[in-house]
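Student: I would like a close look at one part of this structure, the pairs of aromatic rings. Please take me through them in one go.

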Amino acid sequence: MSHEKLAKEIVQLVGGEKNVVSLVHCATRLRFVLKDDAKADKATLEKTEGIIAVKENGGQFQVVIGNTVPEVYSAIGKVSNILDDGDSKEKKGKSIKGLGGIIDVISSIFAPLLGVMAGAGILKGLLLIATNAGWLATTDTSYIILYAAADSLFYFLPLLLAVTTSRKFQGNTFVALTIAGALIYPTIITLKNEGTPTDFFGIPVVLMSYSSTVIPIIISVIVMSFLERWLNKVIHQSVKNFITPLLLLVIMVPLTLIAFGPFGVYVGNAIASALVAAFGFSPLLAGAVMGAGWQLFVIFGVHWGLVPIFINNVAVHGRDGIKPAATASVFAQTGAAFGVMLRTKNKKLRTLAGSSTLTALFGITEPAIYGVTLPLKRPFIAGIIGGAIGGAIIGQAGTQAFASGAPGLLTLPIFYGPGGQGFPGLIIGIVVSFIVSAVLTYIMGFKDPVEEEAAKGETANKSASSAQASTLTAAADQLVLSPIQGTIVDLAEVPDPAFSSGAMGQGVAIEPSVGRVVAPFDGTVTVAFKKKHALAVVSDSGAEILVHVGVDTVKLDGQHFVSHIKEGDRVKAGDLLLEFDIAQIKAAGYHTVTPIIVTNSANYEQVLPASTGEVQTQEPLLSLHASK
């Protein structure tokens, strides 16, 4: 699928342009803030070619694309107006509070910079290696030019953060840049370096070094954005275009130098010192925690709370001793994906695991995690164990990061400092984490989908004969008869991710042609919902079946349903359990497609469709095969 076609589909499936408040991207994800998440069709997005996964973290609707995310992001700019940088104030989305709001703010500010930050970090690391190896001298003009290219981003970091922060809070970007420029203005730097006593109309000013800092400019621009909106309300329309910027500069530059700047520097240093102290207390334990937990932090989006600390440490102190242990987590999940590739007999999974391993080696772990290790569960656990061991080794070695960049093979030079101290420990740590995770994955194993997919492929063939179906069901440990007359639908097509994702269990769905639900076998009614829209029956052999009529029909509060059962009733196959009015349910705006789920699917080796196409009540529907 072309990037522009994929971009059009994504825009449509997130609810259209009008539902998008903002959009940024990081190394692998499109990070949307939507007005109404309910308008996004998450289930369809997850099945769209070119999309690895869809996550909702930190108030963001995240579409995981992989390495081509910059191209898709650019294509969205071509097919929509979402990326326009105008001053439109009509894009006001939901208020995100608490931890989710903090994560949303941090990720929106830093995500646009990660690509160039990684590139500059790699170049800085290579220059460190070149000087330590004697290939370049710091006095060479070639070195000076390359170092300027590598270091300019970090030196002028307040300017870049002024842009991303003002965009996030819808402030005037050019005023924000001017404020940031004042913080690193040569005369201000000279006052600081010479220790000149400084005041602003009698108010003492404690000058700090603001080049490469993170927190002061973010605080300043956030306050500026709110002040700007208030000033625009009280200043007359005819003069606000120049009076508002004037007042913002007169107020915010002195206020930042007097209050926000020193406060931000002190807070950033305090947090960094606390984390450094944790590594100082027990580098082995702290490294293990970071190595085990980093990918979990990434999944839930809380890693954004640590990213500014990494950047601040490198910018202010020239090094960071916290981030290196996170590298073990990256290589551990890479090793787990490699272990899956070695063990699986499923060609599709082997191809996915192989490509994901290669991608993860360069720091892009989303395809490996969301496509391979996390769905298979045990490989992800193996990755956590391997990451903990590798992280402990790296923490104990005292490895330092001397530049910013996503952990991966290409960014290893950022961990090579003067004399190479700690670098061998890093190499040992990531190798161990990779090998341990791969070996554990191979030994622990996982439920290989090869047999299930092959069986599904056979039964999905509409030309399968009735004789084949009879053979299939005859060997079943439990045969589930169809409780509804209608057309069989693949469970993945149900417009409710709770069912389509398989989270509730395996099964099928039926688009009913008759509004009757009958017992699928001899058994006992275990659940009879008060809203009458769903029921659960357990067979005498222990198979648990959930029949859920329609999607979101619980909101009908029992209307258009007639229940003939209560919990604890004994039923025989074919007994009438429930009646419903198909036409009335559809007229009320609800889907009638009905999932039929084996809620204890984990107890069975295979849950296979026994029919396709049209099905009558009491015809074979599902064939359950227990583990041998």
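Student: How many aromatic pairs does a search of the whole structure find?

Tutor: The model is a predicted one, and a search of the whole structure finds seven aromatic pairs. One of them joins Tyr 143 and Tyr 147: the ring centres are 5.6 Å apart and the planes stand at 20°, so this pair is stacked. Both residues belong to helix α6, which covers residues 141-155. Tyr 143 and Tyr 147 are four residues apart, about one turn of the helix. Tyr 143 counts as buried because its relative accessibility is 12%, under the cut-off of 20%. Tyr 147, with a relative accessible area of 30%, is partly exposed.

Another aromatic pair, Phe 338 with Phe 434, is tilted, with 5.6 Å from centre to centre and 35° between the planes. This pair links distant parts of the chain, since Phe 338 sits in helix α14 and Phe 434 in helix α18 (residues 423-444), 96 residues apart. Phe 338 has a relative accessible area of 28% and is therefore partly exposed.

Phe 338 also takes part in a helix contact: it is among the residues of α14 that meet α15, as are Phe 331 and Met 341. On the α15 side, the residues include Leu 349, Ala 353 and Leu 361. By class, this contact has 10 nonpolar, three polar and one charged residues. The axes of α14 (residues 324-343) and α15 (residues 347-361) come within 8 Å and cross at roughly 155°. The two helices are therefore roughly antiparallel to each other, and their crossing is left-handed.

Definitions and conventions: Residues are numbered from 1 along each chain as its sequence is written. This is a predicted model: local features need pLDDT of at least 70, side-chain atom pairs count only at pLDDT 80 or more; totals for chains, interfaces and linings use all residues. Side-chain values use heavy atoms; hydrogens and water are left out. Axes are lines fitted to C-alpha atoms, for helices over the stretch in contact, and angles run from 0 to 180 degrees between N-to-C directions. Angles under 35 degrees count as roughly parallel, over 145 as roughly antiparallel, 65 to 115 as roughly perpendicular and the rest as oblique. A crossing is left-handed if the near helix is turned anticlockwise from the far one by less than a right angle, and right-handed if clockwise. Contact means heavy atoms within 4.5 Å. Ala, Val, Leu, Ile, Met, Phe, Trp, Tyr, Cys and Pro count as nonpolar, Asp, Glu, Lys and Arg as charged, and the others, Gly among them, as polar. Rings of Phe, Tyr and Trp (its six-membered ring) pair if their centres lie within 6.5 Å; planes under 30 degrees apart count as stacked, over 60 as edge-to-face and the rest as tilted. Buried means under 20% relative accessible area, exposed over 50%, partly exposed in between (1.4 Å probe, protein chains only).
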